[in-house]
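Subject: Structure handover

Hello,

Here is the structure I promised to pass on. Please open it alongside this note and follow the residues as you read.

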Amino acid sequence: MAPKSCQSLYHLPFAFLAPRLFVQNVPKRGIKSISKPRPNRFNQGPNLPTLESTAAAALERKRFTTPLRTGALGIKKGMTAMYEAETGRRFPCTVVQMDQVQVVSHKTRQRNGYFAVQVGCGWKHPSNVTRPLLGHFAESEVSPKRHLVEFKVRDETGLLGIGEMIGASWFQEGQYIDARANSRGMGFAGGMKRHGFSGQPASHGVSLTHRSMGSAGQSQGGGSRVYPGKKMAGRMGGHQVTTQNVKVVKVDDEKGLVVLQGSIPGPDGCLVKLSDAIKKPWPTVPINLLQAQPAVDPAAATA
C-alpha cells in the first residue's frame, strides 16, 4: 500500500527536519581582513607577478651578479715580481698564459634556460678525442680543445660568435678579475693542518696524542653519533678555490700573457678560469671587443 501524502500544512515536518534547500542561509559574523589577499603562487597570467619558484625568477635574482661578458681560460706558468715605478715597491705577481682560447658553443635561454658561452683552450690530437666530442668540434668548425669550460652571461648581448678567438687583450690593465682553479692537493692531513685545530695540551695529562683532534661527539644527548659535516682529518686540497678582486698588472697580447698581482690558487701548469670581478664595477669595455679570427691549426702552424 502506497504512503499517503500530507494534505495540510499541519502535517509538514519541523524546520530542522526539512531539507536544507528550504532553510534560509544566514551569513556568519566575523572579522573582515584589512590586508589585501595574497596572490596565488600557482596562478599564471599577464597581470600576475612572476612566481618566485620559477626559472625566470631565479635568473632575475642573479641578474646583477651575472657577468656581462664571457670569461677566458689560461694556464698558470708561475710567479715573479714587479716594481712600482712611483714608489719602487716590490710586489709578487702571477703569470697566466692564454693558449688558443676560442668560443666553441652557445647556451641560450630558449633552448637551455640560461645564456652561457662555452670556451675551449689548448689543442688535443683528434686520435685522443672521443667521437661525440669530435662531432661537437666539427659542427662549430674549431680544432679539438684540451679544456672546455662554460661561462654564464647575463643576456644574449654577451654571446660571442662561434669560432672567435679570445686573446690577452680581453682584459685591461688595472681592472679586477676573479681567478678560479683547483687548489694544490696535499694528501691526507690531520685536524691541526686541515682545519687549524689547536691540539691537545703539550705537557701534563697527554700521552702521544698532542696533535689528535680529540672527541668527535657526545655519547648521550646528541644521538650518540657523529654529526654530518664534522671537521675531522681527511684529504686536504684538490678542490676549486676562487680568489676574488685580483688586479691585472700587465697584458701582453702578442705572447698571450696576463700578469696578475698576488697569488692565485693551483700549482704551476693548472687550468685557471678568469672572469670579470663581480664585487667591482664592470669594466668599461665593449662586450664584443674582439673581432672574429680564423682558428690556427698547431700542426699547420709548425709546418
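Below is what turned up, grouped by residue and contact.

The model is predicted: local features need pLDDT of at least 70, side-chain atom pairs count only at pLDDT 80 or more, and totals for chains, interfaces and linings use all residues. Residues are numbered from 1 along each chain as its sequence is written, and side-chain values use heavy atoms, with hydrogens and water left out.

**Salt bridges**

How many salt bridges does a search of the whole structure find? The search gives three. The term means a side-chain nitrogen of Lys or Arg within 4 Å of a carboxyl oxygen of Asp or Glu.

Start with R69. Its side chain forms a salt bridge with that of D276, at 2.8 Å from N to O. The two partners come from distant parts of the chain, 207 residues apart. R69 is in the loop between helix 1 (55-61) and strand 1 (72-83), while D276 belongs to strand 11 (residues 271-276). Helices (H or I, at least four residues) and strands (E, at least two) are DSSP runs, numbered from the N terminus. Both R69 and D276 are buried. Buried means under 20% relative accessible area, exposed means over 50%, and partly exposed is in between (1.4 Å probe, protein chains only).

Next, K107 and E150. Their closest N and O atoms are 2.7 Å apart. K107 sits in strand 3 (residues 102-107) and E150 in strand 5 (residues 147-152), so this bridge ties together parts 43 residues apart in sequence. K107 is partly exposed, at 22% relative accessible area. E150 is partly exposed too, at 32%.

E84 and R89 make another bridge, with closest N and O atoms 2.8 Å apart. E84 has 28% relative accessibility, so it counts as partly exposed. R89 is partly exposed at 39%.

**Charges over rings**

The cut-offs are NZ of Lys or CZ of Arg within 6 Å of the ring centre and within 35 degrees of the ring normal. K280 does likewise with Y176, where the distance to the ring centre is 4.7 Å.

**Cysteines**

Are C121 and C270 buried or exposed? C121 is buried, with 2% relative accessible area. C270 has 13% relative accessibility, so it counts as buried. The structure holds zero disulfides (a disulfide being a pair of cysteine sulfur atoms within 2.5 Å).

**S183**

Where is S183 found? Look in the loop between strand 6 (176-182) and strand 7 (187-189). S183 is buried, at 15% relative accessible area. Leaving out residues up to four places away in sequence, S183 touches G237, G238, H239, V241 and G266. Contact here means heavy atoms within 4.5 Å.

**Positive phi**

Two residues to check on screen are E141 and L208. E141 is not a glycine, yet its phi is positive, at about 60°. E141 lies in the loop between helix 3 (131-140) and strand 5. At 71% relative accessibility, E141 is exposed.

L208 also has a positive phi, near 65°, in a residue other than glycine. Its loop runs between helix 4 (191-195) and strand 8 (234-236). L208 is exposed, with a relative accessible area of 83%.

Best wishes
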